[in-house]
Amino acid sequence: MLFSELKCKDVVNIRDCRKMGHVTDFAFDECTGCIEKIIVPGVNRVKSFFGNDTEYVICYKDIKQIGPDIILVDVP
C-alpha cells in the first residue's frame, strides 16, 4: 500500500468510535525499515496561543485493521 492511499483513510478509535483524523507521517525503525508509529494530527486543528496542536502518535501494534476507507486503532 502506498502512503498516498493510506493518508486518505480516516483513523477511528474502536474504544469510543471517535474519528481521530488522517495519517500525516510515519516513524520507522532505522535498522529494519518497519513502521513503528503513525502520526495523526487530530480532527480539531485549532492552534492555541503557543502553537500546540492535538497530535496522536499511535504505535503500529495498536492498529487493528486497515480497511478500504478507514484504519481502526485501539488506543486509550
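Isoleucine 39 stands opposite valine 57 in S5, in a model that is predicted rather than experimental, with local features requiring pLDDT of at least 70, side-chain atom pairs counted only at pLDDT 80 or more, and totals for chains, interfaces and linings using all residues. Residues are numbered from 1 along each chain as its sequence is written, and side-chain values use heavy atoms, with hydrogens and water left out. Helices (H or I, at least four residues) and strands (E, at least two) are DSSP runs, numbered from the N terminus. Two strands are taken to pair if DSSP finds at least two bridges between them.

S4 and S5 run antiparallel and are joined by four bridges. Four bridges also join S3 to strand S4 (residues 35-40), again in antiparallel fashion. S3 and S4 form a hairpin with six residues between them, and glycine 33 in the turn has a positive phi of about 80 degrees.

What does a search of the whole structure find in the way of aromatic pairs? It finds two, where rings of Phe, Tyr and Trp (its six-membered ring) pair if their centres lie within 6.5 Å, and planes under 30 degrees apart count as stacked, over 60 as edge-to-face and the rest as tilted. Phenylalanine 3 and phenylalanine 26 make an edge-to-face pair, at 5.1 Å centre to centre and with 65 degrees between the planes. This pair links distant parts of the chain, since phenylalanine 3 lies in helix H1 (residues 3-6) and phenylalanine 26 in strand S3 (residues 25-28), 23 residues apart. The rings of phenylalanine 26 and phenylalanine 28 have centres 5.9 Å apart and planes at 50 degrees, so this pair is tilted. Together, Phe3, Phe26 and Phe28 form one aromatic cluster. Phenylalanine 26 counts as buried, at 15% relative accessibility, whereas phenylalanine 3 is partly exposed at 34%, as is phenylalanine 28 at 48%; buried means under 20% relative accessible area, exposed over 50%, and partly exposed in between (1.4 Å probe, protein chains only).

A further open sheet contains four strands in the order S2-S1-S7-S6, with mixed pairing. Strand S2 (18-22) and strand S6 (63-66) stand at the edges with a single partner strand each, so one side of each is left without a neighbour in the sheet. The twist in this sheet averages 25 degrees from one strand to the next. Four bridges join strand S1 (residues 10-13) to S2, and the two run antiparallel; valine 12 stands opposite lysine 19 in S2. Cysteine 17 is placed in the loop between S1 and S2. Its phi is near 55 degrees, a positive value in a residue other than glycine. Most residues other than glycine have a negative phi. Cysteine 17 counts as exposed, at 66% relative accessibility.

Leaving aside neighbours within four places in sequence, isoleucine 63 is in contact (heavy atoms within 4.5 Å) with Ile38, Ile71, Leu72 and Val73.

Confidence is expressed as pLDDT, the predictor's confidence in each residue, from 0 to 100. The protein chain has a mean pLDDT of 86, and 86% of its residues reach 70 or more. In the protein chain, confidence is lowest in H1, at a mean of 87, and highest in S7, at 96.

Technical notes. Axes are lines fitted to C-alpha atoms, for helices over the stretch in contact, and angles run from 0 to 180 degrees between N-to-C directions.
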